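Student: I would like to go through this structure and check each label against its definition. Where do we start?

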Amino acid sequence: MIVDLLPTEDQEAFRDSVAALLADELPIARLHEEAAFGGAAERAIWGTLAELGLFGLSVSEARGGFGCTLAEEVTVAREFGKHLVSPTVLSTMLATHVAGDDILPAIMAGETRVAFANPLKPVDFSNDTADVQLIDAEGVDYVLLWNAQEARLYRAPTDARQAECLDDTVGLARAVLDLGSPAARREGPWMLRAASLMLSAALAGNAEATCAMAVEYGKFREQFGQPIGSFQSIKHYCAEMARRAEAAVAQTLFATLDALEREDGNLFEVAAARLLAGDAARENGRFNIQIHGGIGFTYEADAHLFLKRAWLLSALTSSERIEQARIIAADGPTA
Amino acid sequence: MKIIETSAERAFREEVREWLETNVPRDKRPHDGPAMREFDMAWQRAQYDAGWAGISWPVEFGGRGLPLVEQMIWHEEYSRAGAPSSGNMFVALSHAGPTLINEGSDEQKAAHLPRILKGEVTWCQGFSEPGSGSDLGSLRTRAEIDGDHLVVNGSKIWTTYAPGSNFQELLVRTDPSAGKYKGISWVICPMDTPGIEVRPIRAMSGITHFAQCFYDNARIPLSNVVGGLNNGWSVAMTTLGFERGTANIAHQIELSRTVERLIVIAGEIQAPDGRRRAIEDDAIAGELATLRAEVAALRSMTALTISRNMRQPIPGPEGNLVALQFGELIRKVMKFALRLLGAEGLERETRFGEWALEYLECFKWAIGGGTTEIRRNAIGERLLGLPRGPRA
């Protein structure tokens with residue numbers, strides 16, 4: 001399969017318009033104010049996000065969408081990762097892959113939001129209930145839950161119990177989800193692929209952002225009379241950060257095209273993307289803190305925000321062991 | 001970001017696959033010596049005769065003049081068919097040829113490109129010196145102009161496949177008074193020039209594929225300078241760049257096959273506890289999975305690099321990311337292989353005997369063509385824009 005992994009002109013234009021909006025409306029600095037936590041900043045501009053077309057990107061034109069694909073969604077998810085955008089933007093985009101005509105128009109119009117339901121055990125839809133964490137679910141209408149066989153939307157539970165999250169800029173609530181009456185269903189493994197790839201893209205963007213932060217600091221911060229980025233110890237850390245980010249981006253983009261080419265093909269490429277993107281975001285997050293030194297360890301710096309988000313996104317329906325098991329059970333790489 | 005293989009290109013792929021299936025040499029490639037060189041040249045000749053040599057090289061010099069996509073398809077199918085590595089033809093096909101295409105005069109192209117594609121000549125690389133490794137720009141092999149000749153004195157080292165080579169891409173200092181990187185020239189050196197001596201060097205694996213070359217008043221025609229006198233540094237950097245493009249596809253597919261072989265082996269041999277197959281040990285399976293993912297990423301990184309190169313004629317510093325990933329990964333894979341095989345991996349004559357050799361050979365990938373440390377410098381400075389470190 002010969003691919004071009006750089007954006008097409010259309011993809012680039014759309015990505016740039018999203019990036020410009022994020023730079024204006026969702027700067028990282030917002031996450032130093034509690035008022036923006038839990039996806040509040042995103043809620044405040046939800047109408048603008050809908051107007052951009054985010055929630056109809058891969059919806060067919062016949063259903064009122066843009067008729068694009070997961071490729072375009074992944075392209076913007078990478079930008080969301082760089083800006084630590086609320087996971088609920090991703091889950092709402094993914095919900096458009098599941099929603100029926102009763103729910104979809106409201107999602108596309110920006111009137112309905114959908115949060116991730118993160119299961120604490122492997123999901124079995126034949127059970128009565130599932131223990132889940134709801135992520136940035138304040139005021140959402142539905143939650144999205146999936147396994148390798150099926151994806152479902154459920155009405156958001158009303159009796160969720162707030163809990164404190166490792167990533168304190170994100171809202172986390174525990175709930176027991178009644179699996180009996182889904183609001184929408186889609187059979188097949190598509191959501192596992194699509195969600196894994198959207199989360200991989202956000203993690204890859206997170207890894208790119210921390211690499212860029214570390215590099216900027218390396219150019220600016222002076223010790224022993226010269227910028228610390230001129231020292232090989234720092235420079236080589238940065239080079240490794242760039243390599244990890246590049247691996248995560250490249251594998252995520254390749255796996256996306258592979259998933260689109262063979263909808264029910266093997267899971268290998270997707271799981272490889274998820275494994276490496278998670279690793280890249282967490283490792284780069286750690287080195288970004290290290291390169292920032294004492295500042296990097298403080299609450300007022302940005303560095304910790306990226307590391308915490310990396311752990312959160314890595315742990316959404318996934319873990320290193322889960323992805324490794326998928327990788328070794330699969331047929332192997334796409335040629 | 002899209003799939004760019006058209007139906008015409010799929011047809012090309014089919015054609016390539018079919019030809020390779022029936023024509024890849026079935027004889028085992030000799031391990032070393034003149035027999036190995038002749039094997040490599042004969043295989044190149046067979047590809048030329050069937051019209052498969054120089055897929056992207058200009059038609060007027062014997063190539064096919066096809067776009068990059070066809071070249072990538074060729075590399076992919078070539079490696080998948082288990083075709084032998086280009087070996088003694090590597091420098092000619094992947095370094096010297098592309099450099100001459102970009103920087104050579106019409107006479108130089110006409111004299112050398114067709115002979116390379118026909119497998120009539122092999123080339124070697126004369127860049128590193130005993131005192132100039134990572135700091136290549138400090139090279140001291142001199143070339144003084146005497147009439148219409150250069151008179152070369154000095155020594156080159158780590159010259160792979162030097163014995164038997166017809167030509168060498170040779171970096172010499174032609175203006176000692178100019179700045180470090182300014183007085184260097186890139187010269188086509190005929191290896192049968194009187195005054196050149198080649199002394200083989202044995203590697204840690206026991207294999208003797210490289211050598212040290214000595215030049216004692218070796219007279220090379222001035223017309224053999226490529227890309228202009230004292231412009232050799234920029235010509236050489238271009239040459240190194242080509243190593244980071246499509247030529248990587250073959251190595252990456254080879255490494256992928258290696259990991260797939262390890263997964264098969266782990267399914268056959270016992271875990272260290274002797275109670276189950278190795279692949280059923282979670283720690284072993286986990287490590288194998290990570291290696292499998294990292295090799296897939298290497299393939300995707302190569303695709304991303306080539307995507308960039310489709311928009312820029314000369315490869316940029318991003319190629320170092322691929323080289324870094326490869327150099328580190330192959331060592332991880334080979335180390336894992338020896339740990340997996342345990343005691344059996346120690347014996348060179350058993351069914352797993354090849355792994356010890358491959359392990360010992362893999363160290364070269366993090367050293368040759370630029371150490372991983374030099375690659376990290378290049379990524380830091382040329383790609384990320386970090387301030388330069390000390391330079392003499």
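Tutor: We start with a strand pair: in β4(A), A:Ala115 has A:Val143 as its bridge partner. The model is predicted, so local features need pLDDT of at least 70 and side-chain atom pairs pLDDT 80 or more, while totals for chains, interfaces and linings use all residues. Residues are numbered from 1 along each chain as its sequence is written, chains are lettered from A and ligands numbered from 1 in the order in which they are written, and side-chain values use heavy atoms, without hydrogens and water.

Student: What makes β2 and β4 of chain A a pair of strands?

Tutor: Two strands pair if DSSP finds at least two bridges between them. Strand β2 (residues 114–119) and strand β4 (residues 142–146) of chain A are joined by three bridges and run parallel, so they qualify. Strands themselves are DSSP runs (E, at least two residues), as helices are (H or I, at least four), numbered from the N terminus.

Student: Which sheet of chain A has seven strands, and why are β6 and β8 of chain A said to stand at its edges?

Tutor: The order is β6-β7-β3-β2-β4-β5-β8 in an open sheet with mixed pairing. β6 (161–163) and β8 (184–187) of chain A each have a single partner strand, so one side of each lacks a neighbour in the sheet. The twist averages 30° from one strand to the next.

Student: What lies across β2, β4, β5 and β8 of chain A?

Tutor: Helix α7(A) does, running at about 110° to β4(A). The angle is taken between N-to-C directions, from 0 to 180 degrees, with axes fitted to C-alpha atoms, for helices over the stretch in contact (heavy atoms within 4.5 Å).

Student: How do you know that β1(A) pairs with a strand of chain B?

Tutor: Two bridges join β1(A) to strand β1 (residues 2–3) of chain B, in the antiparallel sense. The requirement is at least two, so the pair counts. In β1(B), B:Ile3 stands opposite A:Val3.

Student: How many residues of chain A and chain B are in contact, and what area is buried between them?

Tutor: 51 residues of chain A touch 52 of chain B. About 4,400 Å² is buried, with carbon and sulfur atoms giving 65%; this is the accessible area (1.4 Å probe) that the two parts lose on being put together, summed over both.

Student: Why is the pair B:Arg308 and A:Glu246 called a salt bridge?

Tutor: The term asks for a side-chain nitrogen of Lys or Arg within 4 Å of a carboxyl oxygen of Asp or Glu. The closest N and O atoms of B:Arg308 and A:Glu246 are 3.0 Å apart, so the pair meets the definition. Between chain A and chain B there are seven salt bridges.

Student: Which helix supplies the largest share of the side of chain A that touches chain B?

Tutor: α8(A) does, with 17 residues. That side divides into 28 nonpolar, 13 polar and ten charged residues.

How values were computed:
Ala, Val, Leu, Ile, Met, Phe, Trp, Tyr, Cys and Pro count as nonpolar, Asp, Glu, Lys and Arg as charged, and the others, Gly among them, as polar.
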